Amino acid sequence: MFISLIISAIADGLIWAVLGIGLYLTYRILKFPDLTTEGSFPLGSAVAVTAIVSGVSPILSMGLAVLAGMGAGLVTGLLYTKGKVPVILAGILVMTGLHSVILFIMQRPNLSLLNHDRIYYFFQGLPDYYDVVFTGMIVLALLIILLLGFFYTRLGQAFIATGDNEEMARSLGIHTDKMKILGLMISNGIIALAGSLVAQELGYADVNGGTGVIVIGLASLIIGEVLFGNLKLGQRLGAVVIGSILYQLLLLGVIQLGLDTTYIRIYSSVILAICLMIPQIRRSLNLGTLIGKGEKA
Amino acid sequence: MSALLELKQLTKIISNQADEDNKILDSVDFTLNEGEFVTVLGGNGAGKSTLFNSITGSTETTGGTVQLNGKNITNWKEEKRAGYISRVFQDPKMGTAPRMTVAENLFLAQLRGKKKTLKPRGLKKQKAGYQELCASIGNGLERHIDTPAGQLSGGQRQSLSLLMATMSRPELLLLDEHTAALDPKTSKRLMQLTDELIKEQRLTCMMITHQMEDALVYGNRLIVMKDGEITLDLNQQEKDQMTLKDLLKLFEEDKLTPTI
């Protein structure tokens, strides 16, 4: 019983790690929190579930979800770079608008996958949760390989430089606006993919499925950084995955302590808040070596 | 000698809160010939940096035109102009990407003005060349080829910026007090390196400086700016005859009082 709880937390950690990796592109590389996340995540769920229910294969449905997420990122990117809307506000606008888009796609607030194929059925014979674990690992491996491949192209380097020193990037002839739009598109495509994976695990898509997901994504990212400190790019993505699993285990621990799951969101917020403050706490207490190398801005 | 850069009636007006117009650049006419190395002097607020920003396109001008190689580039964006014009900033932090390594920074500079495609970067093949390039500076930068630029000393970082600005031979190099933030010794070395690079590659260059001595020693033309106008323009001969004393006197009479 306890083992299966752990396995389920690991399974959740793996598929939610996809969200963390999507957020990494904006929050860490481009250096802004993108609130489109809370719209593109349920959008991915809605598109994938609607497509599956209409008879499209799970893999193709997830592809459609990615495209939809990229579209959402494109709108945020255009508002931000061309419309000069502050990026936080641009994200909020798109997130809010997507609520209606999701209702339009599903034609109802909640759509079930009952009796329909899911991506996890590839590993049907396995015991509970192992199907999710394996699917999650395969998706993450593919995602990380693709992303690293992208980062080490000329375009990818221009993208990273844009986040690192925008003024310098522009002075070297890098089209920084295009890079930001590209980053928002890829990020939200990945986040929608995460939405499609989570919806298939839950067995339904909900129009409100995005509330609070940015906290979960950022938590996995920050936990990874707090634990491992300064890493290379590829290792950083791995750290996000480990951070995401640890976060789910932490939540499991909180629930095992007997705390009421009705109030789960505040546990999430508290966990993230503590993780975000760790570098600060460490600095004021001078605990440098106790917790690890720490986060390098 | 042909004209590389032509500024015609270049004007930049900023309206302040009281709705008073402030002319940062006042109908500047200026022609820069190929191979010239112009030092630019002027007090604070004379419009030197705005002049540079107008040339690179990082600030929008109110009026006038900018021509590069006979082409009107007034409406070109900064990113497009960057293919031809490179720049070194005063702040060592501004010219390099802090989390990217020295080699990665150099690679980005090498792509200046080129299309950023999905071609793999192939950094390993370039490293030997980069190492050689860095070794030519003589401040140990070649030992830090895989170090993030943010961890370099100010002098190393600024010499990296200079290499990045010159490695793909820009048509025009703009130096905006690029040695001002460094200690005197490092500053002097970087200035000598700059001069060598410019001579070696026969670069066309404009250099803002607050060091009157540098303005006289380096370059083959000198201009002085005041209140958004070019008030003095000395060619090589006139510049050679000018002494530091003359220049100081000129500034005193003109009440230009630049910070030395």
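This is a predicted model: local features need pLDDT of at least 70, side-chain atom pairs count only at pLDDT 80 or more; totals for chains, interfaces and linings use all residues.
## Helix 3 of chain B

Two residues are in contact if their C-beta atoms, placed from the backbone, lie within 7 Å.

Helix 3 of chain B covers residues 102–110, and eight of its nine residues are buried, so the helix is largely enclosed by the rest of the structure. The buried residues are V102(B), A103(B), E104(B), N105(B), L106(B), F107(B), L108(B) and A109(B).

## Where the chains meet

Between the two chains, 25 residues of chain B are in contact with 18 residues of chain A. On the chain B side, the elements that give two or more residues are helix 2 (78–81) and helix 3 of chain B. Helix 3 of chain B provides the largest share of that side, with four residues. Sorted by class, the side of chain B that touches chain A has 11 nonpolar, nine charged and five polar residues.

## The sheet of chain B

Chain B has an open sheet of six strands in the order 6-7-8-3-9-10, with mixed pairing. Its edge strands, strand 6 (85–88) and strand 10 (229–234) of chain B, each pair on one side only. From one strand to the next, the twist averages 20°. Strands of a sheet pair through backbone hydrogen bonds, either parallel or antiparallel.

Strand 3 (residues 37–42) and strand 9 (residues 221–226) of chain B run parallel and are joined by five bridges. V38(B) has R221(B) as its bridge partner in strand 9 of chain B. Helix 5 of chain B packs on the sheet, where it touches strand 6 and strand 7 (172–176) of chain B. The direction of helix 5 of chain B makes about 175° with that of strand 6 of chain B.

## The nonpolar core

The largest nonpolar core has 159 residues, and V18(A) and A194(A) touch the most other members. Helix 1 (residues 2–30) of chain A gives the most to this core, with 16 residues.

Apart from its neighbours within four places in sequence, A194(A) is in contact with I15(A), W16(A), V18(A), L19(A), G22(A), F41(A) and G44(A).

Technical notes: Residues are numbered from 1 along each chain as its sequence is written. Chains are lettered from A and ligands numbered from 1 in the order in which they are written. A residue is buried if 20 or more other C-beta atoms lie within 10 Å of its own, exposed if 12 or fewer, and partly exposed in between; C-beta atoms are placed from the backbone. A nonpolar core is a set of buried Ala, Val, Leu, Ile, Met, Phe, Trp, Tyr and Cys residues joined through C-beta atoms within 7 Å. Ala, Val, Leu, Ile, Met, Phe, Trp, Tyr, Cys and Pro count as nonpolar, Asp, Glu, Lys and Arg as charged, and the others, Gly among them, as polar. Two strands pair if DSSP finds at least two bridges between them. Axes are lines fitted to C-alpha atoms, for helices over the stretch in contact, and angles run from 0 to 180 degrees between N-to-C directions.
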